[in-house]
Amino acid sequence: MQQLFAVALLLQLATSASQFVSQCGPYDITTGNANMVVKYEFGQVAGNDAIQFTVDATTAGYGAIGFRPAGTSGGMSNIDPIAFDDTKISDRAKTAGFAPPGTEASDDVTQVTLTNAGGKISAVFYRLLNTGDAADMTLSQGMMLNFVWAFGNGKVDGGWSNHSPSQRGQGDITFNTCPVTAVPTAVPTAVPTAAPAPPAAPFTSACGPFPITTGNANMVINYEFGTVNAADAIQFTVSATSTGYGAIGFRAAGMMGGMTNIDPIAFDADQVLDMAQTTGMTPPTPDVSNDVTKVSITNTGGVITAVFYRLLNTGDAADMALSKGLMLNFVWSFGNGKVDNGWVNHTPTQRGQADITLDACVVTAVPTAVPTAVPTNTPGVPPTAVPTSTPTAVPTNTPGVPPTAVPTWVPTSVPTNT
């Protein structure tokens, strides 16, 4: 049983490592024909730069795209083609004329999906920008090249016929270049742009930090409530013993098990990213709107510590609204690889989840002291003396004893002379 589990895990890791992770796009390639719609996007496959195409061809037969150096318009020679029908996608050998190209010795194209509905074949496939195969044209972002497309009758490997003039086209195009987003650091470096973004507002703590018990010494999580520009916010400090990535996530309470419907935030030693909600075991991709602000990241002694915050209610439907005292299902994990470049699934000891209740953040009011009035004197005027009265003694009588008579002075007779 353990051997079967190990084999299944290795297969899962191998699948994860070979997935295309988009970095920018999709971008349109204008064909001028509604029956041939072509889009592309740049990304990575297991750490290598790659390009993915989505091609919709209104046909019951085949579709094809191809590349050659810019300026070689006209004719059908020296094209590096990729062809598909409703059963397969195939890397083809370079063309030498109008004959359909044969199969290439090394197939460097990977099929993602292939559907046939309503008379339209939709093919999604990718290849490395530089496959290392001399038969494949090396591609790059921002590159100018001659792009060729066609569709027609027949199957790729059996009897496909030449296309009519309205079923083909070519033209010099310039691939898009992925924009580079500046990642803020503890001491932000000003990056001049046409419209510089304002600095991130600071987080002001109101209560906390509070620990979230993971039961794993390699994943330590604390959070605190506060405000950002007067809006309620939550800040996390997460320490993961990992050389790759760490992640936390939220979903409704009671949703134990599985990896669906999680609103995740992931980080590695270089960045913190708001990720799109999970739909299964596949690593999530970055959210269209990044509503998480990095405060700091350190990588010391094999421990990555990330501090970041987000508003309790970001206003983004893709983000779960949080609140003080809320019960939710909290998910965490860590593993190998970078957040946006080949991160792989974690082992059972590198993940966990549980229903928790966030702290209510009750702040006790501090009584305010009432100051005692202090008399003041007018400068240059001596203070006024406050007269004191001497109380008059009031004689008291002893009950039952008559009061003492006060003798009356009787004047002495003065003799007179006759």
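Mentor: A disulfide here is a pair of cysteine sulfur atoms within 2.5 Å. Keep in mind that this is a predicted model, in which local features need pLDDT of at least 70 and side-chain atom pairs count only at pLDDT 80 or more, while totals for chains, interfaces and linings use all residues. Residues are numbered from 1 along each chain as its sequence is written, and side-chain values use heavy atoms, with hydrogens and water left out.

Trainee: How many disulfides does the structure hold, and what is the pairing in sequence order?
Mentor: There are two disulfides, and if you number the bonded cysteines of the protein in sequence order, the pairing comes out as 1-2, 3-4.

Trainee: How far apart are the sulfur atoms of Cys24 and Cys178?
Mentor: They are 1.8 Å apart, and the link of Cys24 and Cys178 is left-handed, with -70° about the S-S bond. The pair links distant parts of the chain, 154 residues apart, since Cys24 sits in strand 1 (residues 20-29) and Cys178 in the loop between strand 10 (168-174) and strand 11 (204-212). Strands, by the way, are DSSP runs of E with at least two residues, numbered from the N terminus.

Trainee: Are Cys24 and Cys178 buried or exposed?
Mentor: Buried means under 20% relative accessible area, exposed over 50%, and partly exposed in between, with a 1.4 Å probe and protein chains only. Cys24 counts as buried because its relative accessibility is 6%, and Cys178 is buried as well, with a relative accessible area of 12%.

Trainee: And what about Cys207 and Cys361?
Mentor: Their sulfur atoms are 1.9 Å apart, and the torsion about the S-S bond is about -130°, so that disulfide is left-handed. Cys207 lies in strand 11 and Cys361 in the segment after strand 20 (351-357), so the pair ties together parts that are 154 residues apart in sequence. Cys207 is buried at 11% relative accessible area, and Cys361 is buried at 9%.

Trainee: How many bridges join strand 17 to strand 18?
Mentor: Seven bridges join strand 17 to strand 18 (residues 303-311), and the two run antiparallel; Thr300 stands opposite Val303 in strand 18.

Trainee: New topic: where is Ile262, and what is it in contact with?
Mentor: Ile262 is in the loop between strand 14 (245-252) and strand 15 (263-267), and it is buried, with a relative accessible area of 4%. Taking contact as heavy atoms within 4.5 Å, and leaving aside neighbours within four places in sequence, Ile262 has contacts that include Phe250, Gln277 and Val331. Ile262 and Asp319 are 57 residues apart in sequence and 9.3 Å apart in space, C-alpha to C-alpha.

Trainee: Last one, which residues is Ser333 in contact with?
Mentor: Ser333, in strand 19 (residues 327-335), is buried at 8% relative accessible area. Apart from its neighbours within four places in sequence, Ser333 is in contact with Met219, Tyr245, Gly246, Ala247, His346, Gln350 and Arg351.

Definitions and conventions
Helix = DSSP H or I, 4+ residues; strand = E, 2+ residues; numbered from the N terminus. Pairing = 2+ DSSP bridges.
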